[in-house]
Amino acid sequence: MKNSDKRVLAAVATEPLVTQIQEFPVPELSANEGLLKVEMVGVCGTDVANYKHISDPRILGHHVVGHIEKIGAEAAKRWGVQEGDRVAMEEYLPCGQCDRCREGLYRACSFTDSRRGGLRYGNTSMHLKPGLWGGFSQYMYLHPNAVVHRLPKDVPAAEAVFTLPLANGFEWMCLEAKVGVGKTVVVQGPGQQGLACVLAAKAAGADKVIMVGRQTSIRRLQLSMQLGADAIVNTTTENLVDRIAEMTDGKMADVVVDVTSGGAEPVTQAFAIAKNRGLVILAAYKYAKIPEWDSDLVLSKSLTIKGLRGHSYRSVEMAIQCIASGKFPVSLLQSHRYGLQDVDLALRTADGKGEPNPLLVAVNPWQ
Ligand SMILES: [Zn+2]
Ligand SMILES: [Zn+2]
């Protein structure tokens with residue numbers, strides 16, 4: 001690719017629920033920067049939320065895998081990659097210098113907090129040069145602070161775009177909850193994130209992983225069994241507390257993770273189904289207060305509550321290894337694939353308002 005004769009096509013979210021294909025010049029790169037040829041991008045719930053509330057135009061999409069198209073000498077040295085290498089990207093663009101970055105918690109670095117104007121892939125204004133800050137594009141700019149992971153050549157792209165959700169699963173289940181042999185884990189919410197928790201908990205050796213959802217998610221509940229869940233609870237027809245008691249001989253769950261998107265009820269139920277000294281992980285925003293919850297239950301059961309978001313370098317590596325191992329049928333998650341022209345449909349489908357039965361919706365910008 002020569003700078004002079006190529007333009008980059010990207011789907012730009014210009015206003016709420018609208019994207020347009022626009023052309024960008026190929027950026028000039030310094031020794032610290034690079035350019036990624038995007039292979040495939042997974043659509044995330046965060047993309048859908050940003051699509052609905054867009055202010056400044058931007059290129060969405062942050063579950064990105066691709067090949068290094070161009071790279072400056074210093075960036076190549078720091079990232080340990082060269083042109084042609086295949087990589088999975090994290091969305092964060094942390095400063096690398098603050099306390100949080102130094103402690104490895106770079107996902108909490110203010111430099112990459114997009115709610116406060118920080119830089120982040122899939123959520124940075126296109127008016128900030130060079131504009132190519134998202135995955136719904138043929139090429140994505142590699143900022144000097146980008147977090148790059150090498151990706152084996154033989155992993156199918158449609159599975160590799162599950163890296164970041166699965167990394168959250170490993171972060172929460174393995175690194176935070178220390179799930180392992182003998183543990184019972186209950187996952188509430190059979191979306192991408194919940195299924196990732198099932199995979200990670202099973203990969204970590206959990207004895208019993210129980211997936212919980214409603215009748216409207218029955219296909220995903222059934223899919224969770226194919227991905228390794230030991231049991232499912234359909235809360236439309238079954239009493240969750242009774243069923244968990246039954247399945248655990250009254251001991252209840254060591255770890256409960258709530259990744260349901262709407263409603264406070266799963267949160268109060270999580271406290272009810274956690275065992276004595278159990279751990280409750282809250283990992284999905286509710287955008288609402290919880291009117292009635294019994295804080296005394298937290299004391300009487302000596303529960304631990306953790307609010308968790310995102311992944312670390314280590315959990316992303318764990319996710320890549322898990323997918324590359326081929327031990328789990330990750331390909332079952334693929335549901336829809338679109339080209340750049342159909343990014344609107346991809347986002348609507350991921351939101352449950354486009355084509356039916358979305359799970360892992362992906363965009364191939366070269367399709
Ligand atoms: Zn995401
Ligand atoms: Zn920082």
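These legends describe close-up views of a predicted model. Residues are numbered from 1 along each chain as its sequence is written, while chains are lettered from A and ligands numbered from 1 in the order of writing. In this predicted model, local features need pLDDT of at least 70, side-chain atom pairs count only at pLDDT 80 or more, and totals for chains, interfaces and linings use all residues; side-chain values use heavy atoms, with hydrogens and water left out.

**View 1. Four cysteines hold the zinc ion (ligand 2).** The donors are Cys95 (SG), Cys98 (SG), Cys101 (SG) and Cys109 (SG), at 2.3 Å. Donors are N, O and S atoms within 2.8 Å of the metal (3.2 Å for Na, K and Ca); water is not among the atoms, so sites may look incomplete. Angles among the four donor atoms run from 104 to 115°, and the site is tetrahedral. The sequence spacing of the donor residues is C-x2-C-x2-C-x7-C. Cys95 has 23% relative accessibility, so Cys95 counts as partly exposed. Cys98, at 25%, is also partly exposed. Here buried means under 20% relative accessible area, exposed over 50%, and partly exposed in between (1.4 Å probe, protein chains only).

**View 2. The zinc ion (ligand 1) has Cys44, His62 and His63 as protein donors.** Cys44 (SG), His62 (NE2) and His63 (NE2) lie 2.1 to 2.4 Å from the ion. Their spacing in sequence is C-x17-H-H. Cys44 sits in the loop between strand 3 (34-42) and helix 1 (45-52), and His62 in the loop between helix 1 and strand 4 (63-71), so the pair ties together parts that are 18 residues apart in sequence. Helices (H or I, at least four residues) and strands (E, at least two) are DSSP runs, numbered from the N terminus. Both Cys44 and His62 are buried.

**View 3. Helix 11 (residues 313-325) buries one face.** Its 13 residues should span 18 Å at 1.5 Å a residue, and the end C-alpha atoms are 18 Å apart, which agrees. The expected span is 1.5 Å times one less than the number of residues. Ser315, Val316, Ala319, Ile320, Cys322 and Ile323 are buried. Arg314 and Gln321 are exposed on the face turned away from the buried side. Cover for the buried residues includes strand 5 (86-89), strand 7 (148-150), helix 4 (157-160) and helix 5 (163-176). Just after the helix, Gly326 takes a positive phi of about 70°.

**View 4. Strand 6 (residues 139-142) is covered on both faces.** Tyr139 and Tyr141 are buried on one side, Met140 and Leu142 on the other. In a regular strand the side chains alternate between the two faces of the sheet. Strand 3 and strand 6 run antiparallel, joined by four bridges. Pairing requires at least two DSSP bridges between two strands. Leu36 has Met140 as its bridge partner in strand 6.

**View 5. Met252 is buried in a loop.** This residue lies between helix 8 (240-247) and strand 11 (253-258). Leaving aside neighbours within four places in sequence, Met252 is in contact with Val241, Ile244, Ala245, Ala272, Ile273, Ala274 and Lys275. Contact means heavy atoms within 4.5 Å. Met252 and Ile273 are 21 residues apart in sequence, yet 5.7 Å apart in space, C-alpha to C-alpha. Ile273 is one of the buried residues of helix 9 (residues 265-273).

Definitions and conventions: Arc of directions from axis to C-beta. Tetrahedral: all angles 85-135°; square planar, octahedral: opposite > 155°, others 65-115°.
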